[in-house]
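Hi everyone, thanks for coming along. Let me put the structure up on the screen, and then we can walk through it together.

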Amino acid sequence: MSDQQDYDACYDAFMAIPADEVRIPDMPVNVAIQENENLYLWSLDDKSELMGAGLPEITIDSLTVRNGACRTAEAKWKREQHTPQDAQKEWNERAPAAYELRNQLLHDFRYAFRNDERLLKKVSDIAEGTGDADMIQDLSNLAALGEANPEPLALINFDVTLLPLAATTADELAIVLAQANGEKEIDHQVKIIRDRAYNYMQQAANEIKNCGRYVFWKNEDRLMGYRNIYKNKHKKVRRQLGE
């Protein structure tokens, strides 16, 4: 699956974490993700031993999915750290292509659905309205309409990759436009989601590490893969500075 698909698959789970259990990341998120990717690959070699100590197989298998979800959430948060001026610049750069995509989809759908009055009416309804916010909503609606009606589109050899592109573009530009208009609440919400995705990822990583340290406590060659590399390194630096 793609990172976005991982994010979609994990969204309900990390949003269900009680608010009082969500912790602010205590290390750089990109570093945590890379450590967990390494941990996932390391743990695969020890899967039978870890499962023999009671670690559910799904915990191991889900770590790479949780990593992808957190990577997407972090990317969304990084993208939101714009000033209104930065967001306006990004909007100016991306909006023309978004409008062109919307127009292309309307053109293709009108032809593909020409013999279906119900679908044509839906296309006409979507095409009504003007303005940037309307264009973003159009892209989202067109993506959903296309996904729900693939057969007529297939008959005209429609490029189906335009549908997820439209959906992703709508999601991303909705945030950019909000920021360009000076809306701050969206920044806060995106950070909360990033923190939840991080906590959900670390839940699985910590379970795997704890089990690995238990199983391989006398096997340094395998134990090393279950240590907290970043945190241990920085603890050592702090101790040295304190001496």
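Let's start with helix α1. With 13 residues at 1.5 Å a residue, α1 should span 18 Å, and its end C-alpha atoms are 17 Å apart, which agrees. The expected span here is 1.5 Å times one less than the number of residues in the helix. Helices are DSSP runs of H or I with at least four residues, strands are runs of E with at least two, and both are numbered from the N terminus.

Before I go on, a word on where this comes from: it is a predicted model, where local features need pLDDT of at least 70 and side-chain atom pairs count only at pLDDT 80 or more, while totals for chains, interfaces and linings use all residues. Residues are numbered from 1 along each chain as its sequence is written, and side-chain values use heavy atoms, with hydrogens and water left out.

Back to α1, which covers residues 3-15. There is a bend of about 40 degrees at Ala9; that is the angle between axes fitted to the seven residues ending there and the seven starting there. Which residues of α1 are buried? They are Asp6, Tyr7, Cys10 and Phe14. Buried means under 20% relative accessible area, exposed means over 50%, and partly exposed is in between, using a 1.4 Å probe and protein chains only.

Now, how does α1 sit against α4, residues 57-80? Their axes come within 7 Å and cross at roughly 95 degrees. Those axes are lines fitted to C-alpha atoms, for helices over the stretch in contact, and angles run from 0 to 180 degrees between N-to-C directions. The two helices are therefore roughly perpendicular to each other. For the cut-offs, under 35 degrees is roughly parallel, over 145 roughly antiparallel, 65 to 115 roughly perpendicular, and the rest oblique.

On the α1 side, the residues that meet α4 are Asp3, Gln4, Asp6, Tyr7, Cys10 and Phe14. Their partners in α4 include Thr64, Val65, Arg66, Gly68 and Lys76. Contact means heavy atoms within 4.5 Å. By class, this contact has six nonpolar, four polar and five charged residues. Ala, Val, Leu, Ile, Met, Phe, Trp, Tyr, Cys and Pro count as nonpolar, Asp, Glu, Lys and Arg as charged, and the others, Gly among them, as polar.

Staying in α4, have a look at Ile60. At 0% relative accessibility, Ile60 counts as buried. Leaving aside neighbours within four places in sequence, Ile60 is in contact with Tyr40, Ser43, Leu44, Lys47, Leu50, Leu55 and Ile208. Ser43, from that list, lies in helix α2, residues 29-45. Ser43 is also at 0% relative accessibility and counts as buried.

Next up is α5, residues 84-112. Its 29 residues should span 42 Å at 1.5 Å each, and the end C-alpha atoms are 40 Å apart, which agrees. Where is the kink in α5? A kink of about 40 degrees lies at Arg94, shortly before the proline Pro96. The buried residues of α5 pack against α4, α6 (117-127), α7 (132-148), α8 and α9.

Phe109 is buried, with a relative accessible area of 0%. Beyond four places in sequence, Phe109 touches Val123, Leu142, Leu145, Gly146, Leu153, Phe158 and Leu163. Phe109 and Val123 are 14 residues apart along the chain, with their C-alpha atoms separated by 7.1 Å.

Finally, two loop residues. Asn157 lies in the loop between α8 (150-155) and α9. Asn157 is not a glycine, yet has a positive phi of about 55 degrees, and at 70% relative accessibility it counts as exposed. Gly182 lies in the loop between α9 and α10, and its phi is positive too, near 85 degrees. Is Gly182 buried, exposed or partly exposed? Gly182 is partly exposed, with a relative accessible area of 36%.

That's my tour, so over to you.
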